[in-house]
Amino acid sequence: YFPGPAVSSHDYAAFRVATDILSGRLFETIRVEHSYSYAAYAPFLERAVGIGGMFASTPVPERALPLMRNQIEVLLEKRINSFELHRYINHYVLDYLSQSSSDASEADFLARAQLYLGDYRLTDRYMTQLRRVGSEDIYTVVDRYMRVIQWAYMGDTVRMKGAW
């Protein structure tokens, strides 16, 4: 896990998007390209302070862990094309809103705005912030928040051969 910005921070929306991009890249690299895991993703814990992470259930942790670290480096080295990022964010917003379409989800969304931002009427602010996230914002939050990671390994530690 890696701690992110407070929900009131300008970085929060970019951190959320960056974590989602990282999740897709972990799945693509660890699951699709190398078949090291059935479950590889980057969870995002939505709290007053965002928390991101990386997860993979794998029989070959000594191979998966370097790939996980590498995906953060890739996000730092290669800027995301603005057009692609805009398309990605529009898709992300649509998914986010569709997941929040039930009465209970909408009530939860309003309650979180009240708790985290002090006013339930500020829910639109988050959608506006998401749509304003740019390529440089992604780089900034990856550099600022995703470099220091607290790793946990559950399993036979002999398999790690000290590579963590």
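Helices here are DSSP runs of H or I of at least four residues, strands are runs of E of at least two, and both are numbered from the N terminus. The expected span of a helix is 1.5 Å times one less than its number of residues. One word about the model before we start: it is predicted, so local features need pLDDT of at least 70 and side-chain atom pairs count only at pLDDT 80 or more, while totals for chains, interfaces and linings use all residues. Residues are numbered from 1 along each chain as its sequence is written, and side-chain values use heavy atoms, with hydrogens and water left out.

Let's begin with helix H2, residues 61-77. H2 has 17 residues and reaches 24 Å from its first C-alpha to its last, close to the 24 Å expected at 1.5 Å a residue. Its buried residues are Pro61, Ala64, Leu65, Leu67, Met68, Gln71, Ile72, Leu75 and Leu76; buried means under 20% relative accessible area, exposed over 50%, and partly exposed in between, with a 1.4 Å probe and protein chains only. As you look along the helix, keep in mind that an α-helix has 3.6 residues a turn, so residues three or four places apart point the same way. The buried residues of H2 pack against H1, strand S5 (55-57) and helix H6 (135-145).

Now turn to phenylalanine 2, in strand S1 (residues 2-6). Phenylalanine 2 counts as buried because its relative accessibility is 0%. Leaving aside neighbours within four places in sequence, phenylalanine 2 is in contact (heavy atoms within 4.5 Å) with residues including Phe15, Thr19, Leu22, Met54, Tyr145 and Ile149.

Is aspartate 11 buried or exposed? It counts as buried, because its relative accessibility is 9%. The side chain of aspartate 11 makes a polar contact of 3.0 Å with the side chain of tyrosine 145. Such a contact is a pair of N or O atoms within 3.5 Å; within protein, one must be able to donate a hydrogen and the other to accept it, and residues adjacent in sequence count only if both atoms are side-chain atoms. Beyond its neighbours within four places in sequence, aspartate 11 is in contact with Pro5, Val141, Arg144 and Tyr145.

Grid points are joined across faces, edges and corners, and a volume is the space filled by probe spheres set on the points.

There are 2 cavities of 30 Å³ or more. The largest cavity holds about 140 Å³, and of its 14 lining residues, Val7, Glu46, Ala113, Leu117 and Tyr126 lie nearest its centre. Helix H4 (103-117) and helix H5 (123-132) each give two or more residues to this lining, with H4 supplying the largest share, 5 residues. The second largest cavity holds about 50 Å³ and is lined by His10, Ala13, Ala14, Gln129, Arg132, Val133 and Asp137.

Terms used. On a 1 Å grid over the protein atoms alone, a cavity is a set of points where a 1.4 Å probe fits but cannot get out, and a pocket is an open set with protein on both sides within 12 Å along at least five of seven lines; lining residues have an atom within 4 Å of a point.
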